[in-house]
Amino acid sequence: MSSSSAAPQPSPIAEASPLSLCAREPHVPADRLVAEMVPPPRFDSVRFGTYIPDPGQPSQSEAVQVLESFAAGLGGAHASGSGKPRRGLLGFGRAKAPKTPAGPRGVYLDGGYGVGKTHLLASLWHATPAEPSLKAFGTFVELTNLVGALGFQQTVQTLSGHRLLCIDEFELDDPGDTVLVSTLLGKLVDAGVALAATSNTLPGKLGEGRFAAADFLREIQGLSAHFRALRIDGEDYRHRGLPEAPAPFSDDQVTRAAYATEGASLDDFPRLLDHLAKVHPSRYGALTDDLRAVCLTGVEPVPDQSTALRLVVLADRLYDREVPVLASGLPFDRLFSEEMLNGGYRKKYFRAISRLTALARDARGLVTG
């Protein structure tokens, strides 16, 4: 269900030197962090009507019908009885709330890779009849980064007035983060916020089956009663294995392409990895503002897991924004060690390789001659 746009065409003569990610240290205000919690650009135009169910998989059509009904049911007043949740003194806690609507206030999309869960989740966001400022959409990592940037209490206060919170790729591989987000969601459910989520697989279960509803509902414990699981059957495309990364270009080719492409950045890969440690992951989206291409020289294996996880977040932000990545050095399928690819975060690394590989293919048109 993914899409890709044509790579930007290089201009014969660049008007200025390339940009540098390492020279950027964005300071993102809290209101922007929340305002940017919308479906990524590649899902701007998706709707339930653009999701094409497989005639051989009736669960796909059923999921669309259920989600359309769920979205329509969110069009009234906030579940606390007004447009905003009722809070107690000084905005903390809650006054006694009116009775909330009957039935689950959350949906969980349960299915294998490649069946369009993110497409459906984004379609739900678009279909919910509320102002964008009353709806939030983000990955699990983006939500934990928001808590890290704002603090737990401010995050609760900020999101409590929302009609809907969509969480893509709810991660079950970090117990601490799972407890943190589950506690946050409990507060939001109490405030009347409707929830929708997809999730990844637990460590050690990659490729051992396509469905994770039991794992998800167990891990969120007390919240499970608030979710209705929608099983979406279909072919699991990613079980075919990792895509073969295109061969890297030379340092000279990458540098010349960066200078010839308006809006391109040019950075040494090891230096960029060092820089990512100095920028909060919640700001990686801002780090890529206005970029039309990312050019990297000297790609080499990532040295440790902390660095690898930061790179995964950057890869996600570049992929969401469809920014081509042109590189020299090692191909992207050799970024992570065998130990990393066999460890608890392997699904993240597989996703990063897949996404960087796709962006590398998009960037091939930047090299001429």
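A residue is called buried when its relative accessible area is under 20%, exposed when the area is over 50%, and partly exposed in between (1.4 Å probe, protein chains only). The model shown is predicted, so local features need pLDDT of at least 70 and side-chain atom pairs count only at pLDDT 80 or more, while totals for chains, interfaces and linings use all residues. Residues are numbered from 1 along each chain as its sequence is written, and side-chain values use heavy atoms, with hydrogens and water left out.

View 1. A salt bridge is a side-chain nitrogen of Lys or Arg within 4 Å of a carboxyl oxygen of Asp or Glu. Here arginine 355 pairs with aspartate 316, and their closest N and O atoms are 2.9 Å apart. Because arginine 355 belongs to helix H13 and aspartate 316 to helix H11, the pair ties together parts that are 39 residues apart in sequence. Arginine 355 is buried, at 17% relative accessible area, and aspartate 316 is buried as well, at 6%. Helices (H or I, at least four residues) and strands (E, at least two) are DSSP runs, numbered from the N terminus.

View 2. Arginine 32 forms a salt bridge with aspartate 289, with 2.9 Å between the closest N and O atoms. Arginine 32 lies in helix H1 (residues 30–35), whereas aspartate 289 lies in the loop between helix H10 (284–287) and strand E7 (293–299), 257 residues apart. Arginine 32 is partly exposed, at 25% relative accessible area; aspartate 289 is also partly exposed, at 27%. Salt bridges with shared partners join Arg32, Glu36 and Asp289 into one network.

**View 3. A salt bridge between arginine 231 and aspartate 233.** The two side chains meet at 3.3 Å, N to O. Arginine 231 is partly exposed, with a relative accessible area of 46%, but aspartate 233 counts as buried at 19%.

**View 4. The second largest pocket.** A pocket is an open set of points on a 1 Å grid over the protein atoms alone, with protein on both sides within 12 Å along at least five of seven lines; lining residues have an atom within 4 Å of a point. The volume of this pocket is about 300 Å³, a volume being the space filled by probe spheres set on the points. Its lining has 16 residues, of which Val141, Asp177, Leu309, Val313 and Lys348 lie nearest the centre. Helices H4 (140–150), H11 (305–320) and H13 (346–363) each supply at least two lining residues, and H11 gives the largest share, five residues.

How values were computed:
On a 1 Å grid over the protein atoms alone, a cavity is a set of points where a 1.4 Å probe fits but cannot get out, and a pocket is an open set with protein on both sides within 12 Å along at least five of seven lines; lining residues have an atom within 4 Å of a point.
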